[in-house]
Amino acid sequence: MAYLLMFVTLLHLITLAMLFIATMEKSWWVWGDTENSDLWYNCRYDNFTGTWLCSSSKETEWLQAVQVLMVLSVVFSSVSFLVFLGQLFTLSKGGLFYFTGLCQVFAGLMAFSAALIYTLHNKKILQDSKDLSLGHFGYCFILAWVCVPLLLCSGIIYIHLRKKE
C-alpha cells in the first residue's frame, strides 16, 4: 500500500509539473527554430541581438477559452494535491479520497477541453501569425495532451484509494 501511495503522489507531482510547463512555456505552435507561439505570446528569434522578441498574442475568444481552461486545470490539480496532503493526516482509517480524485478528474477534463479547442480552432487562434502550413504543434501542446490521460487515471486511482494505517 505504501508503494501505491508513493506512486500516486509521484504521478500527481509529475502531472502538475507537466501541466504548469504546458501552460506557461512558449511552444504551442512552432515555425522552425526562429518563431513560435504559445497561449500568451508570439515570439521570434532575433539573430542580430541573439534574443527572443515577444509580443502579446491577439486575444481571440478561442484563445481566452484555452487560457482559462489550462489555468483552471493547474488550479484544480494544485488544490487536489493540497487536499490530498490534508486528507492524509485528517481522514479516518478506511476513508476514501473522493474530493482529491474529483479535483484531478476535473483538471483532466479542463486540460482535455483546452487541448481540443486549440486543436480544432488553431487557425482562428493564430489568425494574424505566419502561414500555418509552415508550422506544426509544439511540445507544450503535446504535453497538454499527455497530461489528460495521466490526470484522469490519477483521479480514478485517488477515488479508489483507501487510507490504511
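A disulfide is a pair of cysteine sulfur atoms within 2.5 Å. The views below show a predicted model, in which local features need pLDDT of at least 70, side-chain atom pairs count only at pLDDT 80 or more, and totals for chains, interfaces and linings use all residues. Residues are numbered from 1 along each chain as its sequence is written, and side-chain values use heavy atoms, with hydrogens and water left out.

**View 1. A disulfide joins Cys-43 to Cys-54.**
The structure holds one disulfide. Its S to S distance, between Cys-43 and Cys-54, is 2.0 Å. The torsion about this S-S bond is about 110 degrees, so the disulfide is right-handed. Cys-43 sits in strand S3 (residues 41–46) and Cys-54 in strand S4, eleven residues apart. Helices (H or I, at least four residues) and strands (E, at least two) are DSSP runs, numbered from the N terminus. Are the two cysteines buried or exposed? Cys-43 is buried, with a relative accessible area of 3%. Cys-54 is partly exposed, at 42% relative accessibility. Here buried means under 20% relative accessible area, exposed means over 50%, and partly exposed lies in between (1.4 Å probe, protein chains only).

**View 2**
Cys-103 is buried, with a relative accessible area of 4%. Cys-140 is buried, at 0% relative accessibility.

**View 3. Five strands form an open sheet.**
The strand order is S4-S3-S2-S1-S5, and the pairing is antiparallel. Two strands pair if DSSP finds at least two bridges between them. Which strands lie at the edges? They are strand S4 (51–56) and strand S5 (136–137), and each pairs on one side only. Further in, three bridges join S1 to strand S2 (residues 35–37). These two strands run antiparallel. Look for Val-30: its bridge partner in S2 is Asn-36.

**View 4. Trp-28 pairs with Tyr-118 and with Phe-141.**
The structure holds 13 aromatic pairs. Trp-28 and Tyr-118 form one that is edge-to-face, 4.9 Å centre to centre, with 70 degrees between the planes. Rings of Phe, Tyr and Trp (its six-membered ring) pair if their centres lie within 6.5 Å; planes under 30 degrees apart count as stacked, over 60 as edge-to-face and the rest as tilted. Trp-28 lies in the loop between helix H1 (2–24) and strand S1 (29–31), while Tyr-118 lies in helix H3 (residues 98–125), so the pair ties together parts that are 90 residues apart in sequence. Trp-28 is buried, with a relative accessible area of 0%. Tyr-118 is also buried, at 0% relative accessibility. Trp-28 and Phe-141 form another edge-to-face pair, 5.9 Å centre to centre, with 70 degrees between the planes. Phe-141 belongs to helix H4 (residues 139–160), and this pair links parts of the chain 113 residues apart. Phe-141 is buried too, with a relative accessible area of 6%.

**View 5. Eight aromatic residues form one cluster: Trp-28, Trp-29, Trp-31, Phe-112, Tyr-118, Phe-137, Phe-141 and Trp-145.**
Find Trp-28 in the loop between H1 and S1. Then find Tyr-118 in helix H3 and Phe-141 in helix H4.

**View 6. Lys-124 and Lys-58 are both partly exposed.**
Lys-124 is found in helix H3. Its relative accessibility is 45%. What does Lys-124 touch, leaving aside its neighbours within four places in sequence? It is in contact (heavy atoms within 4.5 Å) with Thr-60 and Trp-62. The C-alpha atoms of Lys-124 and Leu-53 are separated by 23 Å, and these residues are 71 apart along the chain. Lys-58 is found in the loop between S4 and helix H2 (61–90). Lys-58 has a relative accessibility of 45%. Its C-alpha atom and that of Asp-33, 25 residues away along the chain, are separated by 22 Å.

**View 7. UniProt places the feature "transmembrane region" at residues 62–84, 96–116 and 136–161.**
The entry is unreviewed. UniProt positions are given in the numbering used here, feature names are shortened, and annotations may be inferred rather than shown by experiment. In the model, residues 62–84 are 100% helix and 0% strand, and the end C-alpha atoms lie 33 Å apart. Residues 96–116 are 90% helix and 0% strand, with end C-alpha atoms 31 Å apart.
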